[in-house]
Amino acid sequence: MVLTAVRPGEARGALWDEIDMDAATWTIPAERMKAGREFAVPLSTGALDVLKKARKLSDKSPLVFPSRTGRTLAPKTVSRVLQIAGVDSTLHGFRSSARSWMAESGIPAEVAEACLAHVPKSRVVQAYQRSDLLERRAEVLQAWRDYVTTR
C-alpha cells in the first residue's frame, strides 16, 4: 500500500488476477474504486519485490494478502500490524505522506492527483484531459519507492 499510494481498501482487496507482473501494472476494477472507474496502478520495483515475496507465501488464494481465514484483511488487522511494528502512522497517512512528498518534490499537481486516483472536479478538465498519465505516474511512484526505502 505504501509503495502504490492506493487507498487501504483497494490494497486489502487486491487480487492476483489484477496484477500483471510483466507489464508492472495492477488494474483495479471500477467496482472497487471510490470514483467507480477502473484504475491502472504502475508498480515500482519495490512493489514488484513485495508481490514476488507475497506470491511465494501464497496459499493459492485469489487475494494477494489474505487473512488467516482466506478472507480480505480487516482494516483493524492492518492497523494492528503497524502498531506492533512500531510504525507511528495510519493507513491513510501513507497516502497523505506520498502526496506531501510529491508536492515537495515538484511533481505537477495533475500527476500527483492522478497517482492518488483523484478525479478532477472540473468537468472541463475531465472532458479535455483524457490521458491516464501512466508513464509519468510510473516515474513518480518509482521515485517515491526510492525515497521511502532509503529512509
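T4 is buried, at a relative accessible area of 7%; buried means under 20%, exposed over 50% and partly exposed in between, with a 1.4 Å probe and protein chains only. The model is predicted, so local features need pLDDT of at least 70 and side-chain atom pairs count only at pLDDT 80 or more, while totals for chains, interfaces and linings use all residues. Residues are numbered from 1 along each chain as its sequence is written, and side-chain values use heavy atoms, with hydrogens and water left out.

T4 belongs to the segment before helix 1 (8–12). Helices (H or I, at least four residues) and strands (E, at least two) are DSSP runs numbered from the N terminus. With neighbours within four places in sequence set aside, the contacts of T4 are W26, V41, L43, A47, C115 and L141, where contact means heavy atoms within 4.5 Å.

## Nonpolar cores

A nonpolar core is a set of buried Ala, Val, Leu, Ile, Met, Phe, Trp, Tyr and Cys residues joined through side-chain atoms within 4.5 Å. The largest one has 18 residues, and the members that touch the most others are I19, W26, V41, L43 and V64. Strand 2 (25–28), strand 3 (39–42) and helix 2 (45–57) are the elements that each give two or more residues to this core. Helix 2 supplies the largest share, four residues. A second, separate core holds 12 residues, among them W101, C115, V140 and L141.

L43, in the largest core, touches T4, I19, A24, T25, W26, L48 and L51 when residues up to four places away in sequence are not counted.

## Helix 2

Helix 2 has 13 residues and reaches 19 Å from its first C-alpha to its last, close to the 18 Å expected at 1.5 Å a residue; the expected span is 1.5 Å times one less than the number of residues. G46, A47, L48, L51 and A54 are buried in this helix. The buried residues of helix 2 pack against strand 1 (19–20) and helix 7.

## R95, a buried arginine

R95 is located in helix 4 (residues 91–104). R95 is buried but has no salt bridge, and E10, the nearest side chain of opposite charge, is 5.0 Å away. For charge, Lys and Arg count as positive and Asp and Glu as negative, with His and the chain ends not counted. A salt bridge is a side-chain nitrogen of Lys or Arg within 4 Å of a carboxyl oxygen of Asp or Glu.

The R95 side chain does make a polar contact with the side chain of H118, at 3.2 Å. Such a contact is a pair of N or O atoms within 3.5 Å; within protein, one must be able to donate a hydrogen and the other to accept it, and residues adjacent in sequence count only if both atoms are side-chain atoms. Beyond neighbours within four places in sequence, R95 is in contact with A5, V6, R7, L116 and H118.

## Salt bridges

The structure holds five salt bridges. One of them joins E10 and R7, with the closest N and O atoms 3.1 Å apart; both residues are buried.

R136 and E139 form a salt bridge at 3.2 Å, N to O. Both lie in helix 7 (residues 134–149), three residues apart, about one turn of the helix. R136 is partly exposed at 31% relative accessibility, and E139 is partly exposed at 47%. R145 and D146 also form a salt bridge, their closest N and O atoms being 2.9 Å apart. R145 is partly exposed at 22%, as is D146 at 33%.
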